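Please read these points alongside the model. They cover contacts, confidence, fold order, one backbone feature and the charged pairs.

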Amino acid sequence: MLNLAIILEESARRVPGKTAVILDSIRLNYAELNGAASKIANGLTALGVRPGDKVAMMIPNTPHFPMCYFGILKTGAAYVPLDPNFPKDRLSYMAEDAGLRLLLADAAEDLLAERVAQPEADRALRQRLLPRHVVVRPEQHARAQPLGQD
C-alpha cells in the first residue's frame with residue numbers, strides 16, 4: 001500500500017541529508033525525520049496501535065508534527081487531526097465519533113484531557129473518549145539542530 005510514509009522512506013534513502021523540515025532555526029533532514037517517525041511508530045505499536053486504528057494528534061506546527069504524523073502512518077493507523085483551538089464540545093464530539101485508539105499531544109498541549117472531555121464529564125467518559133493520552137517530548141524523538149550547525 002502506497003502512503004506518504006513510504007514516500008518519506010524513499011526520500012530518506014535517495015536524499016538522506018537534504019533538508020525536510022525547517023522551523024525558525026531548527027532543521028531536520030529526511031534521514032532524521034524518517035528515523036524519528038520510525039521511533040514514534042515503534043512506540044505506538046508498543047502501545048497497541050494497529051493498522052486501521054484511529055490516532056488523534058493535538059500538536060502545534062513544529063518539527064514534532066511531521067514526526068508524529070509520519071509515525072502514525074507507518075503503523076497503518078489513520079490520522080485524526082484535533083485542533084486545540086476548537087470549542088470543547090466539538091473536540092469531545094470528534095474524539096467520541098472517531099473511536100480513538102490513542103491521542104498524541106505536545107507537552108505544550110498537556111491540558112488535552114480537559115479540552116477534549118467536558119470538565120463535568122466523569123472518569124469513565126474521559127477514559128472512553130481518550131483511551132490513552134501520550135505527551136510527545138521533543139528530546140525523545142530526534143536530533144534537531146539550529147540552522148547552520150551541520
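1. What share of the contacts in the protein chain with a separation of 6 or more comes from residues 24 or more positions apart? In this predicted model, such residues account for 74% of those contacts.

2. The protein chain has a mean pLDDT of 75, with 69% of its residues at 70 or more. Helix α1 (residues 4-14) has the highest confidence, at a mean of 94, and strand β7 (residues 145-146) the lowest, at 35. Two stretches have pLDDT below 50: residues 110-133, with 49 contacts in the model beyond near neighbours in sequence, and residues 135-150, with 40 such contacts. Where pLDDT is low, the predicted coordinates should not be read in detail.

3. The protein chain contains 6 helices and 7 strands. Read from the N terminus, the order of elements is α-β-β-α-β-α-β-α-β-α-α-β-β.

4. On surface and burial: 39% of the 150 residues in the protein chain count as buried. The accessible surface is about 8,200 Å², and carbon and sulfur atoms contribute 53% of that area.

5. Asp 24 deserves a look at the backbone. Its phi is positive, about 50°, although Asp 24 is not a glycine. Most residues other than glycine have a negative phi. Asp 24 sits in the loop between β1 (19-23) and β2 (26-29), and it counts as exposed because its relative accessibility is 68%, over the 50% cut-off.

6. The count of salt bridges is 4. One of them joins the side chains of Lys 74 and Glu 9, at 2.7 Å from N to O. Lys 74 belongs to helix α3 (residues 64-75) and Glu 9 to helix α1, so this pair ties together parts 65 residues apart in sequence. Glu 9 is partly exposed, at 25% relative accessibility.

7. Asp 53 and Arg 101 also meet through their side chains in a salt bridge, with an N to O distance of 3.6 Å. Asp 53 is in the loop between α2 (30-46) and β3 (54-58), while Arg 101 is in the loop between α4 (88-98) and β5 (102-106), so the pair ties together parts 48 residues apart in sequence. Arg 101 is partly exposed, at 34% relative accessibility.

8. Within helix α1, Glu 10 and Arg 13 lie 3 residues apart, about one turn of the helix. Their side chains form a salt bridge at 3.2 Å, N to O. Glu 10 is partly exposed at 32% relative accessibility, whereas Arg 13 is exposed at 57%. A network of salt bridges links Glu 10, Arg 13 and Arg 14.

Methods:
Residues are numbered from 1 along each chain as its sequence is written. This is a predicted model: local features need pLDDT of at least 70, side-chain atom pairs count only at pLDDT 80 or more; totals for chains, interfaces and linings use all residues. Side-chain values use heavy atoms; hydrogens and water are left out. pLDDT is the predictor's confidence in each residue, from 0 to 100. Helices (H or I, at least four residues) and strands (E, at least two) are DSSP runs, numbered from the N terminus. Contact means heavy atoms within 4.5 Å. Buried means under 20% relative accessible area, exposed over 50%, partly exposed in between (1.4 Å probe, protein chains only). Accessible areas come from the Shrake-Rupley method with a 1.4 Å probe; for residues, only the protein chains shown count as cover.
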